[in-house]
Amino acid sequence: MFPSTSTTTTTLPSSSSSSSGTGTIATTTTTLRGSDSMRIPKRPVVVASCSSFCFSSFLSLQIPPSFSFSSRLLIRFHSRVSATADKNHNHHQQPFEPLRRRMNSFDFGTRGSNQLQTSYTMDEAYLKDEISQLEQPIRNDGVRCIWSSPGWRSKIELGNQIFCNRSLNMKNIVAVGFDMDYTLAQYMPETFESLAYDGTIRKLVYDLGYPQELLEWSFDWEYMVRGLVLDKKRGNILKMDRHKYVKVAYHGFREMSKEDKMATYGNTLIRDSFDEPEYALIDTLFSLAEAYLFAQLVDFKDSNPGKVPDNVDYSRMYRDVRAAVDLCHRDGTLKRMVAKDPGKYINEDSSIVPMLKMLRDSGRSTFLVTNSLWDYTNVVMNFLCGNRTLDGSSPCNHDWLENFDVVITGSAKPGFFHEDNRSNLFEVEPHSGMLLNTDNGTPMPQMGNTLPTLSFTGLEKGCRVFQGGSVGHLHKLLAIESSSQVLYVGDHIYGDILRSKKVLGWRTMLVVPELEREVELLWKSRDIRKQLRRLREERDLVEDKIHHLKWSLKFEAVDGEENEKLSSQIIELECQREKVRLLHQEAQRECHQKFHKVWGQLMKTGYQNSRFAHQVERFACLYTSQVTNLSLYSPDKYYRPSEDFMPHEFDILAL
């Protein structure tokens, strides 16, 4: 049976729990089709993982991959190229060719055909060279050519570039810090999230009394994306734009009708904030499985009312999922499995140690701040840095510490970033894991002989490891005079980026692993985006003609024959408008589904930046697909954003 309503469950807010240690929440996946039955997929549904970045420029243009973009870049290339040359040039990159042929056969009139001849400020030979550069691997024999190596080249793959929202001169940075989970350590969702999912299901069944049927569910790790919002009360999953208008909404796995969506979220006089506690924010990769399991339970409740007590509503089910996730991580099962075979759950990246070495050689301090405790941190970092430490020693030791000045485990972010945080700071003895008392980081004599071999002098040299504390302790340990001298790299928009920048004034870099694939899809879909822009312009043109003719009929004196002629023209134009509208709708849906069958681009909702993109733009000074992209740039680089454009400037200045 389900737990009664009086049962107390320990829950954590989604924003904080998702940033904790190994708190990846793998949630169960059952897909419901219809309201009366549930489909348990025998194998994962193949859906493109979603992420993207907010580039309005891609709506119309071909962009050479050597260009560096920001989330607000708007570029158009104005030169005339014949339609034949354009077609021949792009003939091998037509993901939407059938739709393109239908649109090209439609008569849009003179204005549309002329305006569609948007093309490039480069000849075909140059563009082919640029495409060749995009397709060339940046790795040689499996090792990335970092900036400080003789084999470095200035052209960096678009998917590996660092994008800038706010100017950042690295010469002013004296310390670079890193999160560990999903930043330095990139987990494989198909194995790690599935492992956590299975554990969460077992906790729901065996500890919280959910039906045994849940054990038969499977997990589709590609279904959910970051940037979604869970409506705990109504059981809905939402994707909204930067103005917090809900554009895509599902109840469980059932898409909500436009009428239901507008009735629930369309009242502009009573705008929800879409924040805790009524809503849960899916803003980290740790939360994707949690969102999927919530959708499964919503469909299960709707389809099996007799199996779910009336007092267990959607909000209660979400709290139970959170409690099950917490139990799953507290019992140590996930960590033991990862420690047993890290290569099964974590992607290797041979560029991590060279990147850290380059930063340290440039005179910067490096530090690690993670919510994971020392035992797990040591396992993961040994795997990432093993056989690649400065002296080439073997893994399963503490040599990886040579790459850092300070390591803080069990930091309890985001609370760690509050300067008024009075949490105690303990030093960790690496070999035994024992916690030692400190006086704000200064070693204290220990009572008794619990660790007689400990040498405080030795601990003061090289990297020191701590647990707990606050940002004030970290600043003291690193001798940081100004928060703006710190660059912190993390994956959690709230736990890592927002707090460290908004509260402290740290400079920030957000890691968005989905970005690399998103850039590739954006590049491939650039032709259909030009066509979408063309169709929007044609709709505007036709509608303007309709409005003008209707105005003439209403206010100008016309005879009966002229009246009939104008009315006939209006009917023809309205039919033309409907054809254009349907073509535009179909093209937009097809483009949308190339990124993700359900949610589309991570950082777009239609033509608007998504709420997640808005947060990235506000709080991340830099963002990129993986942390080691830092190794492709000079440690003294001056990152500069592209110029912002408002709508009235776009056609005039965006050249």
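Predicted model: local features only at pLDDT ≥ 70, side-chain atom pairs only at ≥ 80, totals over all residues.
**Stop one: the cavities.** The structure holds three cavities of 30 Å³ or more. Head for the largest cavity, with a volume of about 70 Å³. Helix 20 gives the largest share, with three residues. Switch to colouring by residue class, and the lining splits into six nonpolar, two polar and two charged residues.

**Stop two: cis peptide bonds.** Select E276 and P277; the peptide bond from E276 to P277 is cis, with omega near 5°. Next, pick K413 and P414, which are joined by a cis peptide bond with omega about 5°. The loop holding P414 runs between strand 14 (406–409) and strand 15 (425–428).

**Stop three: positive phi.** Jump to K244, not a glycine, yet its phi is positive at about 65°. Look for K244 in the loop between strand 9 (236–240) and strand 10 (246–251). K244 counts as partly exposed because its relative accessibility is 27%.

Finish at A479, also not a glycine, with a positive phi of about 60°. You'll find A479 in the loop between helix 15 (471–478) and strand 19 (486–490). Is A479 buried or exposed? With 60% relative accessibility, A479 counts as exposed, since the cut-off for that label is over 50%.

Methods:
Residues numbered from 1 in each chain as written. Heavy atoms only, no water. 1 Å grid on protein atoms, 1.4 Å probe; cavity = no way out; pocket = protein on both sides within 12 Å on 5 of 7 lines; lining within 4 Å. Points joined across faces, edges and corners; volume = space filled by probe spheres on them. Helix = DSSP H or I, 4+ residues; strand = E, 2+ residues; numbered from the N terminus. Nonpolar A, V, L, I, M, F, W, Y, C, P; charged D, E, K, R; others polar. Buried < 20%, exposed > 50% of the residue type's maximum accessible area, 1.4 Å probe, protein only.
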